[in-house]
Amino acid sequence: MSESSKYLGDCIFCRILTGKEEGTFIYRNDKVSAFLDIHPLFEGHTLVIPNEHFVDISDVSEESLIEVMRVAKVISSLMLKNLNAEGINIMHSTGRPAGQTIHHFHVHILPRKSGDDSEFQKWWFTRSHKASRLELNDLASKLLKK
Ligand code: 5GP
Ligand code: ZN
């Protein structure tokens, strides 16, 4: 058990899991739960979370992470089948600079349709640049530094 499993503080997602706050659940088992986001970016926007309180990607147990991703696939299939989604984005933020606002590990499942947000695609392509092989190799060495 990780240190975070003994978490006793105030967390909105833990409150939803324990029924102290309302949640619209679409999946629950002994390890993970999925419920609809209260501020959907796209219709059907769903959050998949471990039932145990972990803060972020560095904290979450491998076992919970694997189960979260398995359920992310189940939810994605439901979106494609029943919400007429034509695509899916799976997103996660760790840390405030990355945009994390709720510090209970979660993955966003976003059902997408063609033309539903051209800005999203535009942002991706204007932010990114074609990297040189040298740049990529240098970064790989930095990443793998012991
Ligand atoms: P983050 O910004 O941490 O990646 O995502 C947190 C998400 O939790 C946001 O998309 C936000 O709309 C959602 N959220 C915050 N409070 C609640 C709540 O009380 N209920 C539900 N269902 N979602 C919430
Ligand atoms: Zn929590």
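**Exercise 1.** Determine whether E119 is buried or exposed, or in between, and describe how E119 and K122 meet.

*Solution.* Step 1: E119 has a relative accessible area of 48% and is therefore partly exposed (buried is under 20%, exposed over 50%, partly exposed in between, with a 1.4 Å probe and protein chains only). The model is predicted, with local features requiring pLDDT of at least 70 and side-chain atom pairs pLDDT 80 or more, while totals for chains, interfaces and linings use all residues. Residues are numbered from 1 along each chain as written, chains are lettered from A and ligands numbered from 1 in written order, and side-chain values use heavy atoms without hydrogens or water.

Step 1: K122 is likewise assigned to the partly exposed class, at 46%.

Step 2: The two side chains form a salt bridge, with N and O 3.0 Å apart (a Lys or Arg side-chain nitrogen within 4 Å of an Asp or Glu carboxyl oxygen).

Step 3: Both residues belong to helix 3, and because they are three residues apart, about one helical turn separates them (helices, H or I, of at least four residues and strands, E, of at least two are DSSP runs numbered from the N terminus).

**Exercise 2.** State how many salt bridges the whole structure contains, and examine those of R70 and E21.

*Solution.* Step 1: The search returns five salt bridges.

Step 1: One of them joins R70 to E67, at 2.8 Å from N to O. Both residues are in helix 2, which covers residues 62-82, and they stand three residues apart, about one turn of the helix.

Step 2: E21 pairs with R15, and their closest N and O atoms are 3.2 Å apart. E21 is partly exposed at 32%, and R15 is partly exposed at 27%.

**Exercise 3.** Find how many aromatic pairs the structure holds, and classify the pair of F25 and F35.

*Solution.* Step 1: There are three aromatic pairs (ring centres of Phe, Tyr or the six-membered ring of Trp within 6.5 Å; planes under 30 degrees apart are stacked, over 60 edge-to-face, the rest tilted).

Step 1: The ring centres of F25 and F35 are 5.6 Å apart and the planes meet at 65 degrees, so this pair is edge-to-face.

Step 2: Strand 1 (residues 25-28) carries F25 and strand 2 (residues 32-36) carries F35, so the pair ties together parts 10 residues apart in sequence.

Step 3: F25 is partly exposed at 26%, but F35 is buried at 3%.

Step 4: The rings of W123 and W124 provide another case: with centres 6.2 Å apart and planes at 75 degrees, the pair is edge-to-face. W124 is exposed at 51%, and W123 has its place in helix 3, residues 118-127.

Step 5: F13 is joined with F25 and F35 into a cluster through ring pairs.

**Exercise 4.** Identify which residue touches A34, F35, L36, T46 and I75, and locate that residue.

*Solution.* Step 1: The residue is I26, when residues up to four places away in sequence are not counted (contact means heavy atoms within 4.5 Å).

Step 1: I26 lies in strand 1 and is partly exposed at 39%.

Step 2: Although I26 and L36 are 10 residues apart along the chain, their C-alpha atoms are separated by 7.4 Å.
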